[in-house]
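Dear colleague,

I am handing over the structure below, and I would be grateful if you could look through it alongside the notes that follow.

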Amino acid sequence: PSLALGISDVSVHEMVGAYSTFANEGHHIDPITILKIEDRFGNVLQEFHPKSNQEISADMAYNMLYLMRGAVEGGTSSSLARFGVTEGNEIAAKTGTTQNHSDGWFMGITQNLVTGVWVGGEDRSIHFRTIALGQGARMALPAWGLYMQKVYSDSDLSDFGKAPFKKPENYVLDCGAVHIDSADTYV
């Protein structure tokens, strides 16, 4: 039960893999670094394909994106607007701060890219004095905002441009008495 409180160390690699499940319609895809190996003549020696499993339903994955958009649209990640990355875009995000302000996290999800930023020290005695200075929204979010500015301004990365999240077909968000259909109209 203590794992739910965040007592264990998790790598950025593991976090990106977990959060990409939401952007991939519930499919968990193991992140990989090398896609293929070629010789000097361009002959493919080895190709690598990530493993993929359907872990949650597409509707549940979209529900998570919908909820995490709230962090950007008025929560702990609302300061992303100052980087110019939110306009005309849907971003889901999660900030995080560990005990004693020694780690600051920012996980940012767009339709085509999931990126994690960790700021901290390997030695737990290295930490910020206060939560105001050491929170993920203060120390990791700006790095993500600057990074995304570069992504969006690079014409070679047009596949990662601003876009809304892909909504599952026949999606209905059930919020008790309020239902939101796939056209975002309240019923």
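**What was found**

Tyrosine 62 has a relative accessibility of 3% and therefore counts as buried, where buried means under 20% relative accessible area, exposed means over 50% and partly exposed lies in between (1.4 Å probe, protein chains only). Please bear in mind that this is a predicted model, in which local features need pLDDT of at least 70 and side-chain atom pairs count only at pLDDT 80 or more, whereas totals for chains, interfaces and linings use all residues. Residues are numbered from 1 along each chain as its sequence is written, and side-chain values use heavy atoms, with hydrogens and water left out.

Tyrosine 62 is one of the buried residues of helix H2, which are Ala61, Tyr62, Asn63, Leu65, Met68, Arg69, Ala71 and Val72; helices (H or I, at least four residues) and strands (E, at least two) are DSSP runs, numbered from the N terminus. H2 has 17 residues and spans 25 Å from its first C-alpha to its last, which is close to the expected 24 Å, the expected span being 1.5 Å times one less than the number of residues.

Turning to the rings, the structure holds three aromatic pairs, a pair being rings of Phe, Tyr and Trp (its six-membered ring) whose centres lie within 6.5 Å, with planes under 30 degrees apart counted as stacked, over 60 as edge-to-face and the rest as tilted. One of them joins tyrosine 19 and phenylalanine 22 edge-to-face, with 6.0 Å between the centres and 85° between the planes. These two residues are separated by about one helical turn, because they lie three residues apart in helix H1 (residues 12–23). Tyrosine 19 counts as buried at 13% relative accessibility, and phenylalanine 22 counts as buried at 15%. Another edge-to-face pair is formed by tyrosine 62 and tyrosine 171, at 4.7 Å centre to centre and 75° between the planes. This pair links distant parts of the chain, 109 residues apart, since tyrosine 62 belongs to H2 while tyrosine 171 sits in the loop between helix H5 (141–153) and strand S8 (172–175). Tyrosine 171 is likewise buried, with 3% relative accessibility.

The count of salt bridges comes to four, each being a side-chain nitrogen of Lys or Arg within 4 Å of a carboxyl oxygen of Asp or Glu. In one of these, lysine 166 meets glutamate 25 at 3.3 Å, N to O, and this pair connects distant parts of the chain, 141 residues apart, with lysine 166 in the loop between H5 and S8 and glutamate 25 in the loop between H1 and strand S1 (27–29). Lysine 166 counts as exposed at 53% relative accessibility, whereas glutamate 25, at 32%, counts as partly exposed.

A network of salt bridges links Arg69, Glu73 and Glu90. Within it, the closest N and O atoms of glutamate 73 and arginine 69 are 3.1 Å apart, and because the two residues are four apart in H2, about one helical turn separates them. Glutamate 73 is exposed at 56%, while arginine 69 counts as buried at 12%. Glutamate 90 counts as buried at 17% relative accessibility.

Finally, strand S6 (residues 103–109) has seven of its seven residues buried, so it is largely enclosed by the rest of the structure. Asp103, Trp105, Met107 and Ile109 point one way from S6, and Gly104, Phe106 and Gly108 point the other way. S6 runs antiparallel to S5, to which six bridges join it, and it is also paired in the antiparallel sense with strand S7 (residues 114–120), over seven bridges; strands pair if DSSP finds at least two bridges between them. Phenylalanine 106 stands opposite threonine 95 and opposite valine 117 in S7. The hairpin of S5 and S6 has five residues between the strands, and asparagine 100 takes a positive phi near 65° there, while the hairpin from S6 to S7 passes through four residues.

With best regards
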